[in-house]
Amino acid sequence: MLIAGGGPVGLTLASLLARHGIASLVVEADAGYCTGSRAICISRRSQEILAWAGVQDALAAKSLPWTGGRSYWRSTEVLHFQMPSEPSQRFAPMVNIQQYFVEQFVHEALAAAPQLAQVAWSSRVVDLGQDGDGVEVDIESPDGRRTVRAGYLAACDGGRSTVRERMGLQLEGTQYEGRYVIVDIVQKTSRPVERLAWFDPPSNPGSTLLMHRQPGDVWRIDYQIRDDEDPVEAVKPENVLPRVRSHLEMIGETEPWEPLWISVYNAKCLTLPDYRHGRVFFAGDAAHLVPIFGVRGLNSGLDDAGNLAWKLARVIEGTAPDALLHSYSAERLHATHENLAYGAKSTEFMAPPNFAFKLMREAALRLAVSDEKVRSLINPRQSAPISYAGSPLNLAQQGGWSSDMAAPGSPAPEALLAGPQGKFHLTQCFGKDLVCLVFADGPLPQAVARLPEHGVGVLEIPADADALGQARERYGLAERGAQGLVLVRPDGYVMGRWRGLETAPLLAALERLGWTP
Ligand SMILES: Cc1cc2nc3c(=O)[nH]c(=O)nc-3n(C[C@H](O)[C@H](O)[C@H](O)COP(=O)(O)OP(=O)(O)OC[C@H]3O[C@@H](n4cnc5c(N)ncnc54)[C@H](O)[C@@H]3O)c2cc1C
């Protein structure tokens, strides 16, 4: 397996493949991790995926967790939002951490399986071809040019993907005009970690400004520049620093500070119309470019990796037919369309593209000062996992269920459980194999106990293991004594659910898909 691009998505894909026992070579044009300010907000779902990639502890030790934020219109607070979170949770709804740390941690975790994952740094994919059996990729490095052959290629080579360009494929969609300056500064602060947004603040009249804390006493500040401003001039320190100073003074941050990084950004809503082309798969920014507002860029790329890894592994090891790989494109394209719809809405609010949008935003902000009901309109909806409604992998559910949270195609809900070794989270059991959650008390019927012979792991959830009742409530078996089987995919999505403990329909469904142990 070849992976073009050793950014966060390519490295994570390599790590997840290694977890499934599949060897890969990552070909990375640069000599090391990314520089500058890119992704900083990592969602709960991404933390789950990164935990499968072996970086849970490193990420938790370095990152700054947060649960909500505040928005201000001029000098008035118009919104204080909280994302769903509970004391029993495994991960915070969001953590802040610089993208290069994510790359470093995943790369370091890869070292645990050197026979399964290698990274060729300073090596650029320059051309490729494919036939019915595999792909051939030309790679240039300081040692010269060589051709490598592999069964499949994952194009994770970013927004300017060479693979995409060499295959003559084009992203489709919209590019927004509005530009944002991105400034990282070092400054000590005692503020809580929150998402902070100002619309038309006295420090920068007419602009929109966002602030996020990052590890290492770093503030990330994003502010909108006027349409008539020259972006080249806008990033010059003499134009940036006074705006930053004015804002820090306005909010009372008085510690000494210095700039670390300045760049300019404009939002794009672009995607390939298909993420599979024969034996080549596109993931991350190579497949789609999502606006940064709502933080769906890297977060959706990590979901691509989580979706693709187990499917490739099954097909490569011969336990599923090639058709499984088509579902990668179907599911992740659906997710991209949802992400782009959210991203476009957020962008139109953060940087209104015309006078009408500007007027509507002004009206919403003005009303939000006094009317609580309007505040939901200005609540920035942060990245969340997307349900794969209509996926070809969803199995019909049988019987009545008291909750739709775990309907086929949904991300499997989290729950805190108790086992013989102590408390654990349900999502800790996902990430590798198919798992059947068995909601029942007492000894298991033989057919259920024998599911592992069919390649399906079994996790018993008797009522006393579910002391908080979270699993029964969220999986739709709230009534006392209810029994059921819930099949969860290796990437933590519900595939099907059946009332009772009859395994025949589950096994018949897997057989129809052509999956073998
Ligand atoms: C200012 C800014 C802020 C952002 N904030 C967020 C955020 O808070 N949350 C979020 O989720 N997302 C955010 N994003 C988006 C996020 O940075 C990207 O979505 C993410 O980097 C995508 O990862 P990737 O691995 O797909 O691509 P990249 O990170 O671009 O990695 C691609 C890799 O491929 C390599 N490469 C390129 N061409 C070749 C070639 N021919 N051969 C070999 N290697 C090659 C590159 O060197 C690079 O290392 C932000 C982006 C920007 C610009």
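**Labels and their cut-offs**

Mentor: Let's begin with the shell around the ligand: its residues divide into 13 nonpolar, 10 polar and 7 charged. Ala, Val, Leu, Ile, Met, Phe, Trp, Tyr, Cys and Pro count as nonpolar, Asp, Glu, Lys and Arg as charged, and the others, Gly among them, as polar. This is a predicted model, where local features need pLDDT of at least 70, side-chain atom pairs count only at pLDDT 80 or more, and totals for chains, interfaces and linings use all residues. Residues are numbered from 1 along each chain as its sequence is written, and side-chain values use heavy atoms, with hydrogens and water left out.

Trainee: What makes a residue part of that shell, and how many residues surround the ligand?

Mentor: A residue is near a molecule if one of its heavy atoms lies within 4 Å of it. The shell has 30 residues, and the closest are Glu28, Gln99, Thr162, Asp285 and Leu298.

Trainee: Now glutamate 253: where is its place, and why is it called buried?

Mentor: Glutamate 253 is in the loop between helix H7 (237-251) and strand E17 (257-271). Helices (H or I, at least four residues) and strands (E, at least two) are DSSP runs, numbered from the N terminus. Buried means under 20% relative accessible area, exposed over 50%, partly exposed in between (1.4 Å probe, protein chains only). Glutamate 253 has 11%, so it is buried. Its side chain makes polar contacts with the side chains of threonine 189, at 3.0 Å, and arginine 191, at 2.4 Å.

Trainee: And how do you know that leucine 416 is buried?

Mentor: By the same cut-off: leucine 416 has a relative accessible area of 14%, so it is buried. Leucine 416 is in strand E21 (residues 416-419).

Trainee: What makes something a cavity, and how many cavities of 30 Å³ or more are there?

Mentor: On a 1 Å grid over the protein atoms alone, a cavity is a set of points where a 1.4 Å probe fits but cannot get out, and a pocket is an open set with protein on both sides within 12 Å along at least five of seven lines; lining residues have an atom within 4 Å of a point. Grid points are joined across faces, edges and corners, and a volume is the space filled by probe spheres set on the points. By this rule there are 3 cavities of 30 Å³ or more. The largest cavity has a volume of about 70 Å³ and is lined by 13 residues, with Asn299, Ser300, Asp303, Ser383 and Ala384 nearest its centre.

Trainee: Which residues lie nearest the centre of the second largest pocket?

Mentor: Arg44, Pro84, Ser383, Ala384 and Pro385, out of 37 lining residues. The second largest pocket has a volume of about 1,000 Å³.

Conventions. Polar contact = N/O pair within 3.5 Å; in protein donor to acceptor, adjacent residues only side chain to side chain.
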